[in-house]
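Colleague: I am new to this one. Please walk me through it, feature by feature.

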Amino acid sequence: MRVRTLSFVYRYGRNLYLNVTNRCPCSCVFCVRDSTPRLGDADSLWLDHEPSLDEIMAELKEYDLDSVREIVFCGYGEPTCRLDDIKEMAKAIKAETGKRIRLDTNGLGDLVNGRDIVPELAEVLDSISISLNASNAEEYKEVTRCRFGAEEAYSSLISFIKRAHASIPDVTVSVVGGSISPASEEACARMAENMGVSFRVR
């Protein structure tokens, strides 16, 4: 596999991931960026600047998109820190490529942006993956070390998931295997079932 020094777009499995920011309101105990700068075919995902739409589109053209299943906003930060930019990018990418667009998010975008962002996301996304990470607010605070208060953050996250389910076609919530107890993983799976969304352990 050829390793790319460019860090805005990288391939991992059958998907292309867009690394649009390193900013994040969390410092999760399991975060991959604490252990390696590399993922997929990217040499480093630490950004020296946040990429523009033109930079993203230029890198996408270097890939054979016929073999790509989805284009995913993810990377080494929380994409909704650049909400307006990712909406613009998603529209342009969909128009140019016709590919499914997914967002991987910690689900705290409402708090980051100070408003309900789900209607805006629903206009541009085919799929969303939301990090649930814990079965209650106290555990969530321990695992994510979020800058927002535990109750505020967890309540906002759960509300975000429910509203996403009502507006976005494909919603998955996830936890990181081994970061919480098996009992808590099971509780998260039940929560996902009760909210009508898919669940996975990543």
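Colleague: In which sense do strand 6 and strand 7 pair, and over how many bridges?

Modeller: Some ground rules come before the answer. This is a predicted model, where local features need pLDDT of at least 70, side-chain atom pairs count only at pLDDT 80 or more, and totals for chains, interfaces and linings use all residues. Residues are numbered from 1 along each chain as its sequence is written, and side-chain values use heavy atoms, with hydrogens and water left out.

Modeller: Strands of a sheet pair through backbone hydrogen bonds, either parallel or antiparallel. Two strands count as paired if DSSP finds at least two bridges between them. Helices (H or I, at least four residues) and strands (E, at least two) are DSSP runs, numbered from the N terminus. Here strand 6 and strand 7 pair in the parallel sense, over 4 bridges. Thr-172 stands opposite Ser-198 in strand 7.

Colleague: What unit do strand 6, helix 7 and strand 7 make?

Modeller: A crossover is right-handed if, with the strands pointing away from the viewer, the path from the first strand over the helix to the second runs clockwise. Strand 6, helix 7 and strand 7 make a right-handed β-α-β unit. Helix 7 (residues 182–195) lies across both strands, at about 160 degrees to strand 7. Such angles run from 0 to 180 degrees between N-to-C directions, with axes fitted to C-alpha atoms, for helices over the stretch in contact.

Colleague: In what order do the strands of the sheet run?

Modeller: The order is 1-2-3-4-5-6-7, in an open sheet of 7 strands with mixed pairing. Strand 1 (9–12) and strand 7 (198–201) are the edges; each has a single partner strand, so one side of each lacks a neighbour in the sheet. From one strand to the next, the twist averages 25 degrees.

Colleague: How do strand 1 and strand 2 pair?

Modeller: They pair in the antiparallel sense, over 4 bridges. Val-9 faces Leu-18 in strand 2. The hairpin of these strands has 2 residues between them, and Gly-13 takes a positive phi near 65 degrees there.

Colleague: Which residues have the most contacts inside the largest nonpolar core?

Modeller: A nonpolar core is a set of buried Ala, Val, Leu, Ile, Met, Phe, Trp, Tyr and Cys residues joined through side-chain atoms within 4.5 Å. Buried means under 20% relative accessible area, exposed over 50%, partly exposed in between (1.4 Å probe, protein chains only). The largest core has 55 residues, and Phe-73, Ile-93, Leu-121 and Ile-128 have the most contacts inside it. Helix 6 gives the most to this core, with 7 residues. Another core, of 6 residues, lies apart from it and includes Tyr-10 and Tyr-76.

Colleague: How many aromatic pairs does a search of the whole structure find?

Modeller: Rings of Phe, Tyr and Trp (its six-membered ring) pair if their centres lie within 6.5 Å; planes under 30 degrees apart are stacked, over 60 edge-to-face, the rest tilted. The search finds 4 pairs. The Tyr-12 and Tyr-17 rings have centres 6.3 Å apart and planes at 75 degrees, so they are edge-to-face. Tyr-12 is partly exposed at 46% relative accessibility, whereas Tyr-17 is buried at 10%. Tyr-10, Tyr-12 and Tyr-17 form one aromatic cluster.

Terms used. Contact = heavy atoms within 4.5 Å.
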